[in-house]
Amino acid sequence: MNNLKILCVLLSACIIFLIIKLNMKPKETVITDNTAESTIDIIHKRKSVRSYTDKKVSQEDLLKLVKAGMAAPTAVNKQPWAFIAIDNREVLDQLAEGLPYAKMLKKATAAIVVCGDTDKALEGWEEIFWVQDCSAATQNILLAAESIGLGAVWTAAYPAEDRMQTVIDILNLPKHIIPLNVIPIGYPKGEQKPKNKWKEENIHWQKW
Ligand SMILES: Cc1cc2nc3c(=O)[nH]c(=O)nc-3n(C[C@H](O)[C@H](O)[C@H](O)COP(=O)(O)O)c2cc1C
């Protein structure tokens with residue numbers, strides 16, 4: 001009987017210890033937590049970030065972002081994309097020079113160029129689905145950046161012919177690779193707040 005009592009006390013102590021341990025998680029982990037609630041938080045916290053500190057974005061983090069991009073849904077699961085990860089100062093500067101609406105690349109320590117691959121895309125009129133597919137990948141990248149404390153912004157290439165040509169020339173893109181955008185990435189400088197875009201008049205229930 002005595003042994004049973006000791007066993008019960010020990011078991012209770014273990015359970016209490018485990019409960020305390022689980023509640024002692026540092027607050028930051030909530031951001032990378034895979035709960036539905038934290039995903040919603042990240043979605044609402046995301047904002048375009050155009051000022052960055054000098055701190056370099058690691059290739060490991062760039063890979064994390066590209067992996068998040070490749071997890072996006074695509075029409076008929078074609079995955080008609082290619083991602084160019086850039087952390088070379090010279091290439092970032094060349095893009096900054098050539099792209100009028102992406103001057104923040106001068107300060108960004110990295111960038112990802114999301115491209116459509118027409119060789120992997122659907123055929124005929126469905127080919128253009130690569131734009132939605134790559135846009136979904138882009139949003140995943142922007143959200144992943146927010147979730148790991150990086151700042152990023154979508155800057156357009158497609159469908160602006162001149163900007164596309166600039167990116168094609170600087171990055172030596174082959175004919176079947178079309179740049180959708182350039183995403184400058186860095187550690188945010190200063191505090192940027194997300195915009196509140198909720199407008200009740202933009203939702204229609206059941207029918208218009
Ligand atoms: C298709 C597209 C093209 C964009 N192009 C540019 C761009 O060339 N340069 C830029 O600074 N921001 C660009 N943006 C970012 C928008 O300006 C930004 O998303 C918008 O102002 C809303 O702000 P938020 O991202 O902070 O919510 C683009 C965004 C989208 C979706």
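Author: Let's start with P159, whose place is in the loop between strand 4 (155-156) and helix 7 (161-171). The peptide bond leading from Y158 to P159 is cis, with omega near 5 degrees. Please keep in mind that this is a predicted model.

Reader: How do you know how confident the predictor is in the protein?

Author: The average pLDDT of the protein is 90, and 83% of the residues score at least 70. Residues 24-33 are another matter: there the pLDDT is below 50, and the stretch has 5 contacts in the model beyond near neighbours in sequence. Where pLDDT is low, the predicted coordinates should not be read in detail.

Reader: Which helices and strands make up the protein, and in what order?

Author: There are 7 helices and 5 strands. Starting at the N terminus, the elements follow the order α-α-α-α-β-α-β-α-β-β-α-β. Among contacts between residues at least 6 apart in sequence, 77% join residues at least 24 apart.

Reader: What makes V114 buried or exposed?

Author: The cut-off for buried is 20 or more other C-beta atoms within 10 Å. V114 has 26 of them, so V114 is buried. This residue lies in strand 2. Leaving aside neighbours within four places in sequence, V114 is in contact with G69, W81, F83, C134, A137, T138, L180, N181 and I183. A82 is 32 residues away from V114 along the chain, yet their C-alpha atoms are separated by 6.3 Å.

Reader: Which residues touch the most other members of the largest nonpolar core?

Author: They are A111, I112, V114 and I185, in a core of 40 residues. Two or more residues come from each of helix 4, strand 1, helix 5 (89-98), strand 2, helix 6 (129-147) and strand 5. Helix 6 gives the most, with 7 residues. In soluble globular proteins, nonpolar side chains tend to be buried together. As for A111, not counting residues up to four places away in sequence, it touches I86, L92, L95, L105, V182, I183, P184 and I185.

Reader: What makes N77 exposed?

Author: N77 has 7, so the label exposed applies. N77 lies in the loop between helix 4 (59-70) and strand 1. Its C-alpha atom is 9.2 Å from that of D133, which is 56 residues away in sequence.

Reader: And why is Q79 called partly exposed?

Author: Q79 has 18 other C-beta atoms within 10 Å. Buried needs 20 or more and exposed needs 12 or fewer, so a count in between is called partly exposed. Q79 lies in the loop between helix 4 and strand 1. Although Q79 is not a glycine, its phi is positive, about 45 degrees.

Reader: What about N172: is it buried or exposed?

Author: N172 has 8 C-beta neighbours inside 10 Å, so it counts as exposed. It is found in the loop between helix 7 and strand 5. N172 is not a glycine either, and its phi is positive at about 55 degrees.

Reader: Finally, which residues surround the ligand?

Author: The ligand is surrounded by K47, S48, R50, Y101, A102, V153, W154, T155, A156 and K195. This shell divides into 5 nonpolar, 2 polar and 3 charged residues.

Conventions
Residues are numbered from 1 along each chain as its sequence is written. This is a predicted model: local features need pLDDT of at least 70, side-chain atom pairs count only at pLDDT 80 or more; totals for chains, interfaces and linings use all residues. A residue is near a molecule or strand if its C-beta atom, placed from the backbone, lies within 6 Å of it. Ala, Val, Leu, Ile, Met, Phe, Trp, Tyr, Cys and Pro count as nonpolar, Asp, Glu, Lys and Arg as charged, and the others, Gly among them, as polar. Helices (H or I, at least four residues) and strands (E, at least two) are DSSP runs, numbered from the N terminus. pLDDT is the predictor's confidence in each residue, from 0 to 100. Two residues are in contact if their C-beta atoms, placed from the backbone, lie within 7 Å. A nonpolar core is a set of buried Ala, Val, Leu, Ile, Met, Phe, Trp, Tyr and Cys residues joined through C-beta atoms within 7 Å.
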